[in-house]
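Let me put the sequence and the structure up, and then I'll walk you through them.

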Amino acid sequence: MANLKELSALPERLAGGHRLCGGCGASICVRQVLMGAGDADVVCSSATGCLEVSTTVYPYSSWKTPFIHNAFANSAATMSGVEAAYNGLKRAGKIPADKEIKFCAFGGDGGTYDIGLQSLSGAMERGHNMVYVCYDNGAYMNTGIQRSSATPHGAWATTSEVGSVQQGKQQRRKDLTSIMAAHHIPYVAQASISNWRDLVNKAEKAFNTDGPAFIDVMAPCPRGWRIKSDETVEIARLAVETGFWPLFEIDHGVWKMTPVRGERKPLTEFLKPQGRFKHLFKPGNEQLLEQLQQECDEYYAYVERMCSLYAEEK
Amino acid sequence: MAERAEQKIVSATGNMMVTEAFRQADPDVVCAYPITPQTTIVEGFAKCVANGQVHTEFVTVESEHSSMSACIGSAQAGARTFTATSSQGLAYMYEELPIAAGMRLPIVMANANRAISAPINIHCDHSDVMGARDTGWLLFFAEDAQEAYDNTMIAIRTAEDKDVQLPVMTTLDGFITTHAMERAELMNDEAAKEFLGERTPLFPLLDTENPIAAGMFADQDSYFELHKALRDAVTASKPVIKRIGDEWAELSGRPFDFVDAWGCDDADYIIVVLGSAAGNARHQARLLREKGVKAGVARIRVFRPFPYEELVAALHGAKAVAVLDRSENFGGEYGPVGLEVATALYNAKETIPLKNYMFGLGGHDVTLEQMEQVYEDLEKLAAGTIDGSIEYLGNR
């Protein structure tokens, strides 16, 4: 397990000066994930989205690694082609046999849960040796905060409006991490930028896994969540501490939860500081708040149960 | 000057010949998704992989969108990269086509030309490939199995040429060419491999010592200029195609021309057509010549970049020209080939009367009687008794 001092000595893979907003969770996610690769050579990709448009404005690039962007739905498929090329060129002797390269594909929740789900599922099923990282901020932030299947139940978004007959998003969020677990790939994890040690460890495991790995990373968007830009990490931590976003991994079929210090906090502590949930605290929405707490409890209990059912054999 | 190389006479379908070209090129990566009537290309190639005849990483993707996406990743990584598709598959990967060209990636794709839904139809027309016409890909049209092979060989060299670096689609007519067994000549492996060489990527993504950013965001300050650069690159590929085509012609003994101009030197009446239907047109032209009618056929083999000068040279002196289109331009007048021929003639200040026909859509039978009707129409067109408006050939 790396400590902060060791991590700070690692090469920085994403240069400052990019055009992401102050307090953006995506760049924090990228930096922590790539720390997990140590000093190995990494090739990165990104789906169309904030991360891509803000880090590769022609003719400048913030990436100190080779980087490829193709389109919205296909960060995984594109990287599967890069990884296939690496294998084919190595077999042909056009890349030295001892040359090791890691492959890391990024996408937001829109590009991962929704439009890119097929591309991701295909790449994972084919067994490409790559790490796919979803920076999950729970909406289409790049196009202006439209709801995605990762948007939490009850959250305001510009296409799940709050009005006289509707209180934000009507549906529960998709449990993508479980969908990826159902692919029975070697490594799947859920992490948060707030718990950097846990995230860097998971990234390290993912990079050192032979075969496909997937990490879903809680990465708040101050603009879309209606929070201050210095609250990103704090709110991400509340997502973990309330059990809205439990930290867990499925390492070769073994489910394991990362313990969080103290009692699980009420969900309202995560919801209340965010402008996108402010309507939930108005009179008349008490029942919806209760329902959200219940859904959160159910999900947390499900993860706990899976971690108990598929724990490492003693 | 290259010497004529030893070749083997084979009995093969167009798809088998494309597979042979792929095998001889020994690509680093092939990504593919099945669709009729392309399937036998990749099935054949899968056997080459299973038998160790190639070193290829064979990526059996979950859709055509992912197929072209993975091809783009692979080609940018530095690999020699091929794929094949058809019809709805080509339409499904449409988003990726201009990206492959815009990123200047030398991907080679075989397309089995097939109708586009609805109604769903698995037979030949050119609606699929013409839908991909304006994407920056070079487009080759084969008449038969032999040319499907020859075009693929020329396509691979052209795409990867340092002065081109563009994707090439090498197309063959669905079922008519993809599945009909024909006599064809196959280059010996050694000469084929020597002709094809290896790809030398210019800016490979896998060069971690020299990291590049590929597929960047370009705004109003550069997008327009980058598009002009792509237009120039497509246009500038023409002399390279000619050079490589001539080299292959010397090696194989089969001529290469942008426009296969049959009997056009002294022809009064000329049919312009793409692909397999040229055979019927030529046969009818032969029959007419026996009766003293000077009939000709100009078959366009390279559609992008479009060979304006070669076409005008072939049509010059004719009394009337008919263009056969196998894909629609609903609500417009002429089809895509008709429009190009009109542009070519107008810009060359040629005033030859022109008529456009829609034919063979969705595998609709293409007959000698239709060709006969077209040549008869051309006499009337030259005499001014009919006009040049579009007609559906053989419509019941």
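What you see is a predicted model, so to speak of local features we need pLDDT of at least 70, side-chain atom pairs count only at pLDDT 80 or more, and totals for chains, interfaces and linings use all residues. Residues are numbered from 1 along each chain as its sequence is written, while chains are lettered from A and ligands numbered from 1 in the order in which they are written.

Let's start with one residue in chain A. Where does Phe248(A) sit? You'll find Phe248(A) in strand β7 of chain A. Phe248(A) is buried, as 21 other C-beta atoms lie within 10 Å. For that label, with C-beta atoms placed from the backbone, buried takes 20 or more other C-beta atoms within 10 Å of a residue's own, exposed takes 12 or fewer, and partly exposed is in between.

Which residues does Phe248(A) touch, leaving out those up to four places away in sequence? They are Gln190(A), Trp255(A), Lys256(A), Met257(A), Thr258(A), Val303(A) and Cys307(A). Contact here means that the C-beta atoms of two residues, placed from the backbone, lie within 7 Å.

Now the strands around that spot. Two strands pair if DSSP finds at least two bridges between them. β5 (187-192) and β7 (248-251) of chain A pair in the antiparallel sense over four bridges, and Gln190(A) stands opposite our Phe248(A). On to β8 (254-257) of chain A: four bridges join it to β7(A), again antiparallel, with Asp251(A) opposite Val254(A). β7(A) and β8(A) make a hairpin with two residues between them, and His252(A) in the turn has a positive phi of about 50°.

Okay, over to chain B. It has 13 helices and 16 strands, and 56% of its 396 residues count as buried. Its radius of gyration, taken over C-alpha atoms, is 21 Å, which agrees with the value near 21 Å for a compact globule of 396 residues; the globule rule is 2.2 Å times the number of residues to the power 0.38.

Have a look at the open sheet of seven strands in chain B, with mixed pairing and the order β3-β2-β4-β5-β7-β6-β13. β3 (57-60) and β13 (302-304) of chain B stand at the edges with a single partner strand each, so one side of each has no neighbour in the sheet. Inside that order, β4 (81-85) and β5 (108-113) of chain B pair in the parallel sense over four bridges, and Ala84(B) has Ala110(B) as its bridge partner.

Last stop: where the chains meet. How many residues of chain B are in contact with chain A? There are 37, and they contact 39 residues of chain A. α3(B) gives the largest share of chain B's side, 10 residues. By class, that side has 19 nonpolar, 13 polar and five charged residues.

Key. Ala, Val, Leu, Ile, Met, Phe, Trp, Tyr, Cys and Pro count as nonpolar, Asp, Glu, Lys and Arg as charged, and the others, Gly among them, as polar.
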